[in-house]
Amino acid sequence: MSSLNPVELIVRKREGGSLTPEEIRTFVNLYTAGEIPDYQVSAFLMAAFIKGLDDAETAALTDSMLFSGSVLDLSDVPGTKVDKHSTGGVGDKVSLILAPIVAACGVPVPMISGRGLGHTGGTLDKLESIPGFRVDLDIPAYRRQLADIGVVMIGQTAEIAPADRKLYALRDVTGTVEFIPFISASIMSKKLAEGIDALVLDVKTGRGAFMKTEAQSRRLAETLVGIGLRFGKPTVALLTRMDVPLGRAIGNWPEVAESVACLRGEQVDDLMEVTLALAGEMIWLGGQANSPEEGIARARASIDSGEAMAKFIELVRVQGGDAALVESGANHPDAHEAYVVRAPDHARGVVTDIDALALGHLSVALGAGRIRKEDPVDPAAGIVLHVKPGEAIEAGQPLAEVFTADRTNLPGFASSVLAAFRFGDERPQLQSLIVDRFTADGWMNL
Ligand code: URA
């Protein structure tokens, strides 16, 4: 394997040539073992980004990343294990609501999640905003908890797809994130390693997503589902809109608080539309419903009965989090005073649009995300929207609350919030956030 010459592969890709599966496997293995330096892999990543990878190369990359670590076998845990993965958005706290709902419906959910990335939030950062919550369980504890309570939510361990850990960090700093073969290999290597039987994908499309156009997002969904099916895992992708923040909260603790409200049945809106659609698919794939529609009905019933909320509290308690705080609905112990952003004097009519990408970047600036990989995140920082598109406004009315430790920049933050809003006289046509559904049978063309 050491006979591989990285420069020869870089040049071949730069000239638009193809690599064999064996070359890709060797390249990934050598990089994971520290035998190819970051600068050569960076050059290769950029060459591939510009010249493309074909289906065979993408498949070989995924397999190499998957088998760079352990592939867990959860067959001793009863039930069909189903997970969900989102390609990333703003205000996307769906996993926090979805995992307890699906577990409460009898489908075990083993979930290995990531941290915030760029302008998008990450499930791990949200969970860690709950004081005491631990996401660093080892694999035996992960397995035990799944068997005991039917749901576990942790971060990527050293055993799971180590090649992705290294490659991901390198892509993040070399401008090579938004590339379908890399995103697909990254997501699917982690998901296939975690021991699932089936997978539901939330492929975001729009301004606040990594894939901005519907055509790109459709191609990503097809690639992801194709990889899942190749590994014999029933896989469904929902294509969902990500132009406007999902729900009303952006930021780690604010999103936990909103998730709890949803689990209590207190909030029914765009966020729950996406959550219930994904839950329906998972409950169906997990064999606890005869169709996704029946799965949605079961998901709703688990909220109405309080079982989904009880499952979330159990998850928080078992993973060391302050369950009493979450259950009480009290604010975070390190909460910041809210800074209220009001509608300007000229504003009247309705909110016609809110730019998810702008507010995602702003939330990072407020402290809720990272600019450098090693930056700490502020659990209590973020934005809570008081109005969403389609809702009427009057001059002076609160549009949003901003939470941050950085009090000196509050006027600048407030003007960034305002700049993300659009107002008009006509109520916009609000479309369903579910654009389409892709399975082994193709697109449903909703
Ligand atoms: N999520 C991942 O895990 N990897 C990517 O490349 C993008 C989103």
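1. A polar contact is a pair of N or O atoms within 3.5 Å. The model under discussion is a predicted one.

2. Arg171 places an N or O atom of its side chain 2.9 Å from an oxygen atom of the ligand. In the case of Ser186, a polar side-chain atom lies 2.7 Å from a ligand nitrogen atom. The ligand taken alone exposes 240 Å², and the protein buries 91% of that area.

3. Which residues are found around the ligand? They are His85, Tyr168, Arg171, Ile183, Ser186, Ile187 and Lys190. Sorted by class, this shell has 3 nonpolar, 2 polar and 2 charged residues.

4. Helix H8 (162–172) and helix H9 (180–193) are the elements that give two or more residues to the shell around the ligand. Of the elements, H9 gives the most, with 4 residues.

5. Aromatic rings deserve a separate remark. A pair of such rings is described by the distance of the centres and the angle of the planes. The structure holds 5 aromatic pairs. One of them joins Phe27 and Phe44 in a tilted arrangement, with 4.8 Å from centre to centre and 55° between the planes. This pair links distant parts of the chain: Phe27 belongs to helix H2 (residues 21–32) and Phe44 to helix H3 (residues 38–51), and the two are 17 residues apart.

Technical notes:
Residues are numbered from 1 along each chain as its sequence is written. This is a predicted model: local features need pLDDT of at least 70, side-chain atom pairs count only at pLDDT 80 or more; totals for chains, interfaces and linings use all residues. Side-chain values use heavy atoms; hydrogens and water are left out. A residue is near a molecule or strand if one of its heavy atoms lies within 4 Å of it. A polar contact is a pair of N or O atoms within 3.5 Å; within protein, one must be able to donate a hydrogen and the other to accept it, and residues adjacent in sequence count only if both atoms are side-chain atoms. Accessible areas come from the Shrake-Rupley method with a 1.4 Å probe; for residues, only the protein chains shown count as cover. Ala, Val, Leu, Ile, Met, Phe, Trp, Tyr, Cys and Pro count as nonpolar, Asp, Glu, Lys and Arg as charged, and the others, Gly among them, as polar. Rings of Phe, Tyr and Trp (its six-membered ring) pair if their centres lie within 6.5 Å; planes under 30 degrees apart count as stacked, over 60 as edge-to-face and the rest as tilted.
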